[in-house]
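Let us read a protein model together, feature by feature. Have the sequence and the 3D view ready.

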Amino acid sequence: MRDVKQRLGRGYARFATNVAVRFPRLWPLVRPLVRKQFDVLAPVWDSMRSPDAFAPVVAALATLDGPVETALDVGTGTGSAALLIAERFPEARVVGVDIAPEMVERAKEKAGGSQNISFEHGDASALPYVDASFDLVTAANMIPFFDELARVVRRGGSLVLAFSLGPQTPIYVPGDRIRKELAARGFTDFAEIEAGRGSAFVARKR
C-alpha cells in the first residue's frame, strides 16, 4: 500500500508540474493537493532523499562566481538547497520559501540559529518579494513559475533549476522548454550540468 501511495504521489506531482508549466492559470486548481501532499511528507522528507539528491545544486553553485549578497530558494522544502547556498556564499542573506507550512517548520529546525538564513511560507506563483530582489534564485525539484522567477532575479543575477533524478524526477521540466521560457524573459548564458543522478540548468538575467 505504501508503494502504491508513493507512485500515486509521484504521478500527481508530475501532473501538477505539467499543468502549472503549460497552463499557469490552472495552478489554483491543483495547488491545495500539492500543499497537502508535501505537508504530509515533511516529517519523513529528508529520509526519502538519496545522498546525491542535491549534487546538481552543488555542481551548479560551483559554477557561479558571485558576488551573491541575496539569494532565494523557491520550493525550499526542508531547506537543504538553501543551506547549501549559505555554505557556498557565507556572506549572503538567504531566504527559503515553500508552500507547505510543515516543510517550512522543518527547515527552520535544520537551520538552527543561523543568522544569515530564514524560511518563509509562500506560493511560488506569487512570490512575496519586490522585483529584482535577489542576486541568485534556485529551485530544486520545484515547479518553475517562469514569470515569477524572472521577476525576482536582478539584472546580472543567476537562476539555477535542479532536478535530482533528471527526467525521472517527479517534478521535472526538459531543458529545451526551460531554455525557451527563460530566453523569452531576458535570460542568457545557459548551461546544463549533470551531477550525481540528476541535472541542473543555469542561466543569467540580462
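Q: What volume does the second largest pocket have?
A: The second largest pocket has a volume of about 230 Å³. Here is the general idea: rolling a probe the size of a water molecule over the atoms shows where empty space is left. On a 1 Å grid over the protein atoms alone, a pocket is an open set of points where a 1.4 Å probe fits, with protein on both sides within 12 Å along at least five of seven lines. Points are joined across faces, edges and corners, and the volume is the space filled by probe spheres set on them.

Q: What kind of model is this, and how are residues numbered?
A: This is a predicted model: local features need pLDDT of at least 70, side-chain atom pairs count only at pLDDT 80 or more, and totals for chains, interfaces and linings use all residues. Residues are numbered from 1 along each chain as its sequence is written, and side-chain values use heavy atoms, leaving out hydrogens and water.

Q: Which residues line the second largest pocket?
A: A lining residue has an atom within 4 Å of a pocket point. There are 16 here, and L64, D65, G156, S158 and R204 lie nearest the centre. Strands β5 (153-163), β6 (187-195) and β7 (198-205) each supply at least two of the lining residues. The largest share, 4 residues, comes from β5. Strands are DSSP runs of E, at least two residues long; helices are runs of H or I, at least four; both are numbered from the N terminus.

Q: How many lining residues are nonpolar, polar and charged?
A: The lining divides into 6 nonpolar, 5 polar and 5 charged residues. Ala, Val, Leu, Ile, Met, Phe, Trp, Tyr, Cys and Pro count as nonpolar, Asp, Glu, Lys and Arg as charged, and the others, Gly among them, as polar.

Q: How many salt bridges are there?
A: A salt bridge is a side-chain nitrogen of Lys or Arg within 4 Å of a carboxyl oxygen of Asp or Glu. By this rule there are 12. One of them joins D123 and R31, at 2.6 Å from N to O. D123 lies in the loop between β3 (117-121) and β4 (134-140) and R31 in helix α2, so this pair ties together parts 92 residues apart in sequence.

Q: Is D123 buried or partly exposed?
A: Buried means under 20% relative accessible area, exposed means over 50%, and partly exposed is in between (1.4 Å probe, protein chains only). D123 has 15%, so D123 is buried.

Q: Which residue forms a salt bridge with R154?
A: D135 does, with the closest N and O atoms 2.2 Å apart. R154 lies in strand β5 and D135 in strand β4, so the pair ties together parts 19 residues apart in sequence. R154 is partly exposed at 28%, whereas D135 is buried at 10%.

Q: How many residues apart are E148 and R151 in helix α7?
A: They are 3 residues apart in α7 (residues 146-152), about one helical turn.

Q: What is the phi of A132?
A: Most residues other than glycine have a negative phi. A132 has a positive phi of about 55° and is not a glycine. A132 sits in the loop between β3 and β4. D189, in strand β6, also has a positive phi, near 55°.
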